[in-house]
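Me: I am new to reading protein models. Can you take me through one, feature by feature?

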Amino acid sequence: MSEVAKESVQPSIVLLVSGKRKCGKDYLSDALLKRLGHNRAQILRISEPIKRYWATQKGLNLDELLSDGAYKENYRKEMIVWSDEQRHEDYGVFCREACRTMNREICIVSDVRRRTDVRFFRETFKPSRVRTIRIEASDATRLGRGWRFEAGVDDVPSECDLDDFDEWDLRIDNNGQDDIETILERLVALTNG
Ligand SMILES: Nc1ncnc2c1ncn2[C@@H]1O[C@H](COP(=O)(O)OP(=O)(O)OP(=O)(O)O)[C@@H](O)[C@H]1O
């Protein structure tokens with residue numbers, strides 16, 4: 001058990017949510033949080049400590065960086081490069097920092113992007129408590145949601161490292177065929193046991 005896990009409140013279930021840009025990670029994580037209730041569940045973002053550091057260093061607006069708006073896109077590349085350097089020293093540095101705010105029974109980590117993120121959570125918590133979720137949406141769907149391919153962002157490990165990963169407990173098609181209720185039922189079922 002890592003130092004952080006001992007210090008913070010231990011969740012019974014940790015949901016690791018992954019998927020390409022604009023596949024719907026935030027949308028479905030927010031919907032799940034609403035369904036489970038704020039007293040039982042919370043959302044953690046590995047990118048939060050990265051954005052916090054970046055905002056402080058560069059004098060940027062943290063709330064804007066954390067939001068779904070276009071602002072964060074101006075800094076995404078730089079943040080990827082900088083955070084990769086930090087991960088090179090310690091692959092769990094941002095996951096560990098994000099875990100410090102764990103205080104609910106169910107923890108939804110809504111921006112899992114790397115194999116080392118999955119590794120960190122599996123090493124830090126009992127594997128039986130960790131669930132891996134892949135949200136899938138076609139390029140056409142993602143384009144419709146505002147995604148545009150960007151070299152240095154969409155073709156680097158932060159976006160592609162989990163493309164070939166196949167240890168998903170649940171894969172969700174978020175192209176619009178399944179309604180939100182159907183998707184939420186499957187997600188909620190994953191939080192049982
Ligand atoms: N099932 C859905 N129904 C309706 N709108 C959706 C659905 N899934 C995602 N969206 C919309 O698509 C857009 C992108 O979704 P979201 O921000 O959740 O993607 P993301 O995977 O978190 O992206 P990023 O990696 O860039 O943060 C948002 O405007 C969101 O409201």
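Me: Which residues are around the ligand?

Reply: A residue counts as near a molecule if its C-beta atom, placed from the backbone, lies within 6 Å of it. Here these are Gly-19, Arg-21, Lys-22, Cys-23, Gly-24, Lys-25, Asp-26, Tyr-27, Asp-68, Arg-145, Asn-174 and Ile-180. Numbering runs from 1 along each chain as its sequence is written. This is a predicted model: local features need pLDDT of at least 70, side-chain atom pairs count only at pLDDT 80 or more, and totals for chains, interfaces and linings use all residues.

Me: What is the mean pLDDT of the chain?

Reply: pLDDT is the predictor's confidence in each residue, from 0 to 100. Where it is low, the predicted coordinates should not be read in detail. The mean here is 92, and 95% of residues reach 70 or more.

Me: Which helix gives the largest share of the shell around the ligand?

Reply: Helices are DSSP runs (H or I, at least four residues), and strands are too (E, at least two), numbered from the N terminus. Helix α2 (residues 25–36) gives the largest share, three residues. Arg-21 sits in the loop between β1 (13–19) and α2.

Me: At what angle do the axes of α2 and helix α10 cross?

Reply: Axes are lines fitted to C-alpha atoms, for helices over the stretch in contact, and angles run from 0 to 180 degrees between N-to-C directions. The axes of α2 and α10 (residues 180–190) come within 10 Å and cross at roughly 70°. So α2 is roughly perpendicular to α10 (under 35 degrees is roughly parallel, over 145 roughly antiparallel, 65 to 115 roughly perpendicular, the rest oblique).
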